[in-house]
Amino acid sequence: MTEILRLEGLTKLYKGKEGLKRAVDNVSFTVNKGEIFGLLGPNGAGKTSTIKCICGLLKFEEGEIFIKDNSIKENRSKGLRHISAVLEGNRNIYWRMTVSENLNFFAGINGLSKRSIANRMAYLLEAFQLTEERNKIVNHLSRGMKQKVAIAISLITDKDIILLDEPTLGLDVGMSQEMRIILRKIAKEEGKTILLSTHDMKVVEETCDRLVIINKGKVVAYDTMENLKKLFNQLIYRIVLDKNLTPKARSELKHYINSDINEEEVELRLSLQSPNELFGILSLLQQEALGLLALDRLNMSFEEIFMNLIREAEGDEISI
Amino acid sequence: MKYLYSFLAMCMKEWIEWKRYWFNSIIGLIIYMIVFISIFTGAQYIGQNNFALGESMEGFLIGYALWFMAMGAMSDTANSIVDEARKGTLEQLYMTEIPFTWLLISKNIISTLIYIVIFFLIINVQMLFTGISLNIDAISIFITLFIGLFSLYGIGLVLAGIGLVFKKVQSLLGATQFILIGIMIIPSVEAPLVKLLPFTYTRHMIMSIMREGKGLLGFSSVDYFYLVGISTLYLALGLAAYRIAEAQSLKKGMLGQY
Ligand SMILES: Nc1ncnc2c1ncn2[C@@H]1O[C@H](COP(=O)(O)OP(=O)(O)OP(=O)(O)O)[C@@H](O)[C@H]1O
Ligand SMILES: [Mg+2]
């Protein structure tokens, strides 16, 4: 696997009314050639700021960004040679021009002749199912169509790395699904590296190979999709008792307990490595004369894991 | 080659937009002509065709056409940058390998050509209407205007920079309009400071060509020094101011926000 993009301690500060705000705080990760890499985080996490720093549209205070080993700080234009991007909400296209006029224009200002891109344009229009729309004015297209046009434009120049800020934002279920299929296709057929930001778990789950989760500018998790999914398959059991835990039971169950328990609570959430651990737990409860009202296994969605990681990072107690 | 293709792409875009919104441009021109005709007939009625007014009518005719063109050229630069920032396309223009300055210069060259054509067009219609005859030495006028207009792009860039950072460009453009009127009616360029104002020297030379029949060869090297020097000066100032604004915007992340 060859590394194509590397962030080292990226820090972006904004001057605000309450002094300096660390919108991106010491973020480091690497993206490999040909993978779809996710940048996941809630609103205001710093996703857009991170992407803009990579595109050279935002000057950052600390850290470094390397695109194919070119430092963006030292040689912006050399780095930009490998990058194209669609920023928030498909605003990067001229709404008053047609689809093919847009494609030609953006190829042109990147120094490509109309003739040299003719084949690629036909390929992209086909891949995005935009051939019929090619002579329509962008403003007359639906939101999903506009988003497809925006992404097609980012591909017309045939750069290696495509940055997509919230590519499925505001799309309906069907369109979002179509977009995910297109993204996978681009990565696979064309060997493009895609870095996409989103707060939609489904998108990352279905498309990303690896991802970094950020919250309040800080990296909360950085791993392969597979490993994060293991977290997903954690065994979480919910146990409801007829009375409060005894002190002995509480101390012995402490390392299983996955949620806040206050004195009053009779409902516990336990996280186990293996279902066999239940034998020990149940006999302990029996010894302590605690009655069992309910026992069931909980399925944790990716979203819950995500929220948990964020809460953990914020230093709160974990709860599911 | 890359630079040429990006220049051609900018031309294409201007052409496409003009083609699609030509109606707006035509309306602008019609309003312009109506205003001109009313001022002209009003003045004629008062002055009853005396010789002195005939003289100043020539000046008015040229000055008014120059002002219209100058206003368009200047606000075009400022408006288009601010407009692209608002739409979000400015960020894309900043992400190409081709430096943004080149795209900007391409755009200005195209605007210059368009505005000079418009200038010739309205001058001719005005001559037809008023019966005033002027020396239309196309080459001399073209070259003088081509160089002279760059001083106004300098001012346009300052306004664009202010627009990027402070988000207030319409009111400023309004104010500049009046300053430009001032520039067009300043009677002479004898005072040293007046010479240094943007476009005054260009206006002075255009008047000499069109009213006195001077040609490019009729101007002295001092004339050319002022024409080229002032354009270079204001363009450089404009670029410097824009650079400062651009650095601020890149720091604050405002290239795409308006
Ligand atoms: N130009 C700016 N000036 C000042 N503060 C900004 C600016 N842009 C973003 N911020 C702040 O920086 C933080 C990170 O913003 P950013 O837009 O990068 O987050 P995001 O993850 O993209 O959020 P969203 O999901 O809402 O798009 C936010 O708190 C935001 O208010
Ligand atoms: Mg964002």
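A salt bridge here is a side-chain nitrogen of Lys or Arg within 4 Å of a carboxyl oxygen of Asp or Glu. The views below come from a predicted model. By this rule, 32 salt bridges are counted over all chains.

**View 1. A:Asp160 and A:Lys68 form a salt bridge between two loops.** The N to O distance is 2.6 Å. A:Asp160 sits in the loop between α5 (143-156) and β7 (161-165) of chain A. A:Lys68 sits in the loop between β4 (62-67) and β5 (70-71). The partners are 92 residues apart, so the pair links distant parts of the chain. A:Asp160 is partly exposed at 24% relative accessibility. A:Lys68 is partly exposed at 33%.

**View 2. A:Glu133 pairs with A:Lys136 in a salt bridge.** Their closest N and O atoms are 3.6 Å apart. A:Glu133 is buried, at 12% relative accessibility. A:Lys136 is partly exposed, at 39%.

**View 3. A salt bridge joins A:Arg180 to A:Glu206.** The N to O distance is 2.9 Å. A:Arg180 belongs to helix α6 (residues 173-190) and A:Glu206 to helix α7 (residues 201-207), so the bridge ties together parts 26 residues apart in sequence. A:Arg180 is buried at 3% relative accessibility, whereas A:Glu206 is partly exposed at 30%.

**View 4. A:Glu3, A:Arg6, A:Glu8 and A:Asp69 belong to one network.** Salt bridges with shared partners join these residues.

**View 5. A:Lys114 is an exposed residue of helix α4.** The helix spans residues 114-127 of chain A. The relative accessible area of A:Lys114 is 55%. Beyond residues up to four places away in sequence, A:Lys114 touches A:Asn104 and B:Met12. Its C-alpha atom is 9.5 Å from that of A:Leu103, 11 residues apart along the chain.

Terms used: Residues numbered from 1 in each chain as written. Chains lettered and ligands numbered in written order. Predicted model: local features only at pLDDT ≥ 70, side-chain atom pairs only at ≥ 80, totals over all residues. Heavy atoms only, no water. Helix = DSSP H or I, 4+ residues; strand = E, 2+ residues; numbered from the N terminus. Buried < 20%, exposed > 50% of the residue type's maximum accessible area, 1.4 Å probe, protein only. Contact = heavy atoms within 4.5 Å.
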